[in-house]
Amino acid sequence: MRRRAFIAALGGAATWPLAARAQQPAGRVYRVGYLAGGSRQTQLHFIKAFDEGLRNLGYRVGQNIVIEYRFADGEVQRLPALAAELVRLGVDVIVSGNTRSTVAAMEATTTIPIVMTSSANPVSVGLVASLARPGGNVTGFSLDGGNEGEIQGKRLGLLKEILPNLTRVGVLWNPDGAINSARLESMRDATQPLGLQLVEVEARGLDTLEQAFATMVRQQMQAFILVSDTVLFNYRQQIGVMALKNRLPSTTSLKEFAEAGLLLSYGPDFPPLYGGAAVFVDKIFKGAKPGDLPVEQPTKYELVVNLKTAKALDIVVPPILLARADEVIE
């Protein structure tokens, strides 16, 4: 059930004023490349948001705009070839998903504009020079402004509200994904005031998840935080089952994991980022250089609590936290 929305600082690209709905130049048909690490099925709500954003700005697929979709279906090693294919097609702009797909697009072209929708810490990864002045051919949305540790700290803070005696937490992550050692260190710094000891546990795919959970149980982890990426997202149902089987409360950034059985999630509402990506695309079509368009950050965050999971784990979620949730799964 829906509760109130968390609204952060107001950002410009995620809203579509009526004045922006200008007619496009007659006879011009633009071509957009859409590059995603996941499958089409997992991207449907993002595709819908992007399409609605384009329509609000006067674009009609099949009339004045064509979208070339490329999906890696969770096989992120395919992203470079898919990005190169979009470049060969001569698309006018590439819309990318997370950091891996943005990196693949950036390695494929230094001239075609790239609009990222959900890349993490793009400055330290080298996607942009700065959020205010990206430079180069990449702009769009960043999931953080270099404060990933702070955001993860908020997630762990929420977990500690539910589990006041929490001290040992596993960090379940894919070392082949976007996170790096510097971001893990920033997470430790942010969680130190909470009195939490973080233990890194790697999982590169389905075949390593059982071992990862066995490691967390053996090392007496009381809960874990999942650092999402395309690979682990594809196995969210299995992760939800394993978390319940091993009686490990958990938190992460995507509500799809909470829907799959993890205890709670706190993170950006992603569809508005894809709608906002359409605004970046429109500005580029009208002559703006991506390097001059400041990178923006999410303006809406959602807290989702899986009360069904809490009951299965014999956990009592404080009423005050439930009242703050945007969605409670019962």
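Me: Contact means heavy atoms within 4.5 Å. With that cut-off, which residues does threonine 251 touch, not counting residues up to four places away in sequence?

Reply: This is a predicted model. In it, threonine 251 touches Arg155, Leu156, Leu159, Phe224, Ile225, Leu226 and Leu264. The place of threonine 251 is in strand E10.

Me: Why is threonine 251 called buried?

Reply: Buried requires a relative accessible area under 20%. Threonine 251 has 0%, so it is buried.

Me: What makes threonine 42 count as buried?

Reply: The relative accessibility of threonine 42 is 15%, and the limit is under 20%, so the residue counts as buried. Threonine 42 lies in helix H1 and, leaving aside its neighbours within four places in sequence, is in contact with Phe233 and Arg236.

Me: How do you know that the side chain of threonine 42 makes a polar contact with the backbone oxygen of serine 39?

Reply: A polar contact needs a pair of N or O atoms within 3.5 Å, one able to donate a hydrogen and the other to accept it. The side chain of threonine 42 reaches the backbone oxygen of serine 39 at 2.9 Å, so the pair meets the distance limit.

Me: Where in the chain is aspartate 326, and is it buried or exposed?

Reply: Aspartate 326 lies in the loop between helix H13 (319-324) and strand E13 (327-329). Its relative accessible area is 1%, and buried means under 20%, so aspartate 326 is buried. The side chain of aspartate 326 reaches the backbone nitrogen of leucine 303 at 2.8 Å, and the limit for a polar contact is 3.5 Å.

Me: Why are the buried residues of helix H9 said to be on the same side of H9?

Reply: The buried residues of H9 (residues 236-245) are Arg236, Ile239, Gly240, Met242 and Ala243. These residues cover an arc of only 165 degrees around the axis, which puts them on the same side of H9. On the other side, Val241 and Lys245 are exposed. An α-helix has 3.6 residues a turn, so residues three or four places apart point the same way.

Me: What covers the buried residues of H9?

Reply: The cover includes helices H1 (40-56), H7 (206-218), H8 (230-234) and H10 (255-259), along with strands E9 (223-226) and E10 (250-252).

Me: Why is H7 called roughly parallel to H9?

Reply: The axes of H7 and H9 come within 11 Å and cross at roughly 20 degrees. Angles under 35 degrees count as roughly parallel, which makes H7 roughly parallel to H9. H7 passes H9 in a right-handed crossing. Leu206, Leu209, Glu210 and Phe213 in H7 meet Gln238, Ile239, Met242 and Ala243 in H9.

Me: Why is glutamine 220 called exposed?

Reply: Exposed means over 50% relative accessible area. Glutamine 220 has 61%, so it counts as exposed. Glutamine 220 is found in the loop between H7 and E9.

Me: What is the phi of glutamine 220?

Reply: Phi of glutamine 220 is near 60 degrees, a positive value in a residue other than glycine. Most residues other than glycine have a negative phi. Phi of aspartate 314 is likewise near 60 degrees. Arginine 247, which follows H9, has a positive phi near 55 degrees.

Me: How do you know that aspartate 314 is exposed?

Reply: Its relative accessible area is 66%, and the limit for exposed is over 50%, so aspartate 314 is exposed. The place of aspartate 314 is in the loop between helix H12 (307-312) and H13.

Conventions. Residues are numbered from 1 along each chain as its sequence is written. This is a predicted model: local features need pLDDT of at least 70, side-chain atom pairs count only at pLDDT 80 or more; totals for chains, interfaces and linings use all residues. Side-chain values use heavy atoms; hydrogens and water are left out. Helices (H or I, at least four residues) and strands (E, at least two) are DSSP runs, numbered from the N terminus. Buried means under 20% relative accessible area, exposed over 50%, partly exposed in between (1.4 Å probe, protein chains only). The arc is that of the directions from the helix axis to the C-beta atoms. Axes are lines fitted to C-alpha atoms, for helices over the stretch in contact, and angles run from 0 to 180 degrees between N-to-C directions. Angles under 35 degrees count as roughly parallel, over 145 as roughly antiparallel, 65 to 115 as roughly perpendicular and the rest as oblique. A crossing is left-handed if the near helix is turned anticlockwise from the far one by less than a right angle, and right-handed if clockwise.
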